[in-house]
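Please open the model in a viewer and keep the sequence at hand.

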Amino acid sequence: MSKTSTAIESRLPVFFAALFAITLCPLRAEAHLNSTGLGPVYDGLAHFLLSPEDLVPVLALALFAGLRGAAHGRRALFVLPGAWLLGGFVGMAATTSRGSALTAISFLLLGGLLAADAPLTLRAITVLAALVGLFHGYLNGAGMGQPGVGAVALLGLAFAVFVLVALAAALVVRLRWPWTRIVVRVVGSWVAASGLLMVGWALRRG
Amino acid sequence: MSRTAFAEAGPPKKSKEKRGSAPLGKAEPFPRVSTCGFRGEPHLITALSEGRGYGETGGEGLLSSCKVSASLTHGFAVPPVPQAGEGCCQLIFRSQTKMYKLQRKAEPFRKSGGRAAPSLPILSALPVRWLTLLLTVLFWAASPAYAHVQQGEAIGFLSGLHHPISGLDHVLAMIAVGLWGAQLGAPAVWLLPVCFPMVMAMGGMLGLLGVHVPGIEIGIAASAILLGAAVMPEARPSLMIAAALVAFFAIFHGYAHGTELPAGESGLLYSMGFVFATGCLHGVGIAIGTIQRWTWGQKVLRMAGAGVALAGVVFMWRAVA
């Protein structure tokens, strides 16, 4: 018999004793998030990820900030979710949200900046991230409406914004080959083109 | 040749032409004909087995309906002649024009010397392996059955994604933009694919707003002709001229996309879908264009340009006709 198998055999009683102790103190299985209180957090998170009206501008801003450099990316990383939360809380007090045309303009603006790789300063990026966060957060807050649950959902939403900006900006900051940066700019042109079409849809609806 | 004339002239001589190349109305070995294309409607099989066909013996007819059985039933309203023989019909389906060409094969009729012949079991004349092959192909070509009306955002995106790749005119023009960009090199290789979606979206917006733009189909066909003609000789105009040319034609493509949103679907996702698909087609063109670095690749690209231009001529002919 080898040394290893002997060592395993000697530890078996301890292992079974630990297993027995764990089974003696079971916890409730929380199969549903409502009972944990985390449901609205995931609601907000999923709402963001499933809403292209919010997702695409955030992605465009994150790519743009990453394209400008690590400092710009870091600034957007913290300013955008913060402004989103603030705008959301303000929006909850509002009764209506009419933002389809302005959402289109945010597509157009952010996509255009990304496509052009506009040389914005750090301060300009900060202002841009704040404006985008306030505007989209306001629309989200106005849409949620319920102050209690909505606030928790907003937290989840802001967390999703934070994660997306961190991932996207970091990805672009790491890009070294020139053609990869051009691909990012091409994506910006697609966002801007979608924004133009959204303006058309908004004008068509009247 | 009419039925009567055929009977008077007697059975035709056996054709020495190869299978598959026989002109309409020529006699040919019987089992070759693609009767497997028919759905086995009872009245159709009966009519065929009695030697009746659409129109006259040895002739050909055009049916302008998708309903195969209904159209053929209409054709069989022609009273049968007394000495009708056996026969089969060949059905050639043209999806774009939705026309059917029918050809009656007179081989059994010839064999019987123009006399009435016993009924022909059409299905037994088909080799089992061909039926099996046909069934297999049909199973592979199966598409999902949608029991409910499709609505919602995801469908909007898929519709938009599908639209640019559903027409060869769009596909060829988009790929030609990528090919030309690859030939021109930087900065055109990325400027043209950036320029195109932006201006295309403006064209789409015009369509959405109901602004009338004349000659959309002609413009799309012209885009294929001119972009193919630019790739063929590896034309190298200034960047501004190249971008302006691409942008001009992008308006027509965008307009066509913008006016064709299916009802009940998300406009935003439809827009994103077709912009994304257009960009991917440019990407395909650029990827193909990377063979430009080799001598043989340059020749292939020029030939591809000629092909696109030629296809553009066909599109133009269709648009004008």
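Begin with Leu61(A), Ala76(A), Leu80(A) and Ala176(B): of the 116 residues in the largest nonpolar core, these touch the most other members. A nonpolar core is a set of buried Ala, Val, Leu, Ile, Met, Phe, Trp, Tyr and Cys residues joined through C-beta atoms within 7 Å. Next, select helix α8 of chain B, residues 188-208, which gives the most to this core, with 14 residues. Helices are DSSP runs (H or I, at least four residues), numbered from the N terminus.

This is a predicted model, in which local features need pLDDT of at least 70 and side-chain atom pairs count only at pLDDT 80 or more, whereas totals for chains, interfaces and linings use all residues. Residues are numbered from 1 along each chain as its sequence is written, while chains are lettered from A and ligands numbered from 1 in the order in which they are written.

Return to Leu80(A). Setting aside residues up to four places away in sequence, Leu80(A) touches Val58(A), Leu61(A), Ala129(A), Val132(A), Gly133(A), Val161(A) and Val165(A); contact requires C-beta atoms, placed from the backbone, within 7 Å.

Now select α3(A), where 13 of the 17 residues are buried (20 or more other C-beta atoms within 10 Å of a residue's own, all placed from the backbone). Just after α3(A), Gly69(A) has a positive phi of about 135 degrees.

Finally, display the contact between the chains, formed by 19 residues from chain A and 21 residues from chain B. On the chain A side, α3 (52-68) and α8 (178-205) each supply at least two residues, and α8(A) gives the most, with 16 residues.

Conventions:
Two residues are in contact if their C-beta atoms, placed from the backbone, lie within 7 Å. A residue is buried if 20 or more other C-beta atoms lie within 10 Å of its own, exposed if 12 or fewer, and partly exposed in between; C-beta atoms are placed from the backbone.
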